[in-house]
Amino acid sequence: MSDSALISAAISMFDTAAVVSRRGKIIYMNPAAIGLAGVDLTSKPLDMLMPSHIANNQADSFVTSAFIGSRSCTVKVTSKNGYRIYVISCDDRLPAPSDSVFDTLRSCMSNIKFSASCISVIAEDVANDKLSEYVCTLNRNYYRIKRALDNLGTLSGIEEGSLPFCPEPVDMTEILGKMIDTVNILTRKQDIRISFHAEEHLRIIADRSLITQMMLNLLSNSISSCSRGGRIAVSLLRTDKNLIVCVDDNGSGIPSDELAAVFDKYKQRDKLSKPTGSGIGLSVAKSIAELHRGTLIIESRGEGQGTSVRAMLSYDIPAGQKLSAPNNEYDNSEIQNILTELSGCLTLDCYSEFLED
């Protein structure tokens, strides 16, 4: 039996949609893939089914998102002996969170923040370092809860079509440059350095708040995966249709058996986030990229060899589009955004009352 026949026989029994290609041509689609695409494209060029960011990607193994047929899907790609296998799963909708749960958590957050402020005053009066450490612990946990609520609210809002989406002309070079300068100050004690390379004044129509949230989620994962002395490179690349945000780190990387699950909601991964994480950061980043008519591509160079992430953002976004929804209740200042999104990876001393002020 030939290799292609063996692979086809194996994936024909998958419940999940699967496709096999060789030299840019589809050689097999299982029944689930044909049903998803709406037509059997066997023997046809791969780009009739897969968008260019998948069909033209030369990485041996990666995971990304795409519209297959008319549905938003996660596509997991692996290569072997000249064959490429694409496993396609349609994204499940996130159950709508209960408003009463959100209200309870926000009330708890207010109590935590108030208690931290009171203890901080006492700690300063009596010069008690231990009390000051407790203040930092309370503040960091406040921001961790806030991050979970913000990420959950973003996912829910995007999937329900109720999230405020306010694209406007933004200077990505300026936004990311200022963000990375601030993050570098906060990660100095960890000896983790983030470099930034981009042309001056690369502009795009985008939602400033959501792009910031996406970028900080990506940086959080990279910082978490880096040990002392780690290096992260952020860059911006222009193509005809997209602005590509590249985040490359020399951290622990993603084991091959975990790469396929990086977009799974609520699944914590030790290599990607601290145990306190909610497991939805990369799902949030992917959803924000898709809202900007783009996608997220994640490639691991192997365990211990770092990770590469590409966030593709389309130029084809009209300015001024808005969806009706309540305004965000939280303070959106730059430092508080950073403290929130990086609350799983920054050192405890970053959460003193002095730094917040």
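## Sheet, helices and cores of a predicted model

Strand S4 (residues 71-80) and strand S5 (residues 83-90) run antiparallel and are joined by 8 bridges. Strands here are DSSP runs of E with at least two residues, helices are runs of H or I with at least four, and both are numbered from the N terminus. Two strands pair if DSSP finds at least two bridges between them. This is a predicted model, where local features need pLDDT of at least 70, side-chain atom pairs count only at pLDDT 80 or more, and totals for chains, interfaces and linings use all residues. Residues are numbered from 1 along each chain as its sequence is written, and side-chain values use heavy atoms, leaving out hydrogens and water.

- S4 and S5 form a hairpin with 2 residues between them.
- In that turn, asparagine 81 has a positive phi of about 50 degrees.
- Serine 79 has arginine 84 in S5 as its bridge partner.
- Threonine 78 stands opposite isoleucine 85 in S5.
- S5 is also joined to strand S1 (residues 17-22), by 6 bridges, and these two strands run antiparallel.
- Here alanine 18 has valine 87 in S5 as its bridge partner.

**The whole sheet**

- The protein chain has 11 helices and 12 strands.
- An open sheet of 10 strands runs in the order S2-S1-S5-S4-S3-S11-S12-S10-S9-S7, with mixed pairing.
- Its edge strands, S2 (25-29) and S7 (193-197), each pair on one side only.
- On average, neighbouring strands of this sheet are turned by 20 degrees against each other, direction ignored.
- Strands of a sheet pair through backbone hydrogen bonds, either parallel or antiparallel.

**Helices on the sheet**

- Helix H6 (residues 172-186) lies across S7, S9 (231-238), S10 (242-249) and S12 (307-314).
- H6 runs at about 165 degrees to S7. Such angles run from 0 to 180 degrees between N-to-C directions, with axes fitted to C-alpha atoms, for helices over the stretch in contact.
- Helix H9 (residues 281-291) packs on the sheet and touches S3 (61-68), S4, S11 (295-300) and S12.
- The direction of H9 makes about 135 degrees with that of S11.

**Buried cores**

- Of the 357 residues of the protein chain, 48% count as buried. Buried means under 20% relative accessible area, exposed over 50%, and partly exposed in between (1.4 Å probe, protein chains only).
- The largest nonpolar core has 61 residues, and Met172, Leu219, Ile232 and Ile298 touch the most other members. A nonpolar core is a set of buried Ala, Val, Leu, Ile, Met, Phe, Trp, Tyr and Cys residues joined through side-chain atoms within 4.5 Å.
- Helix H7 (residues 208-225) gives this core its largest share, 8 residues.
- Leucine 219 touches Met179, Ile194, Ile232, Val234 and Leu342, not counting residues up to four places away in sequence. Contact means heavy atoms within 4.5 Å.
- A second, separate core has 25 residues, including Met50, Ala55, Ile68 and Val75.

**Cysteines**

- A disulfide is a pair of cysteine sulfur atoms within 2.5 Å, and the count by this rule is 0.
- Cysteine 73 is in no disulfide, and its nearest cysteine sulfur, that of cysteine 90, is 3.6 Å away.
- Cysteine 73 counts as buried because its relative accessibility is 0%.
- Cysteine 246 also counts as buried, at 2% relative accessibility.
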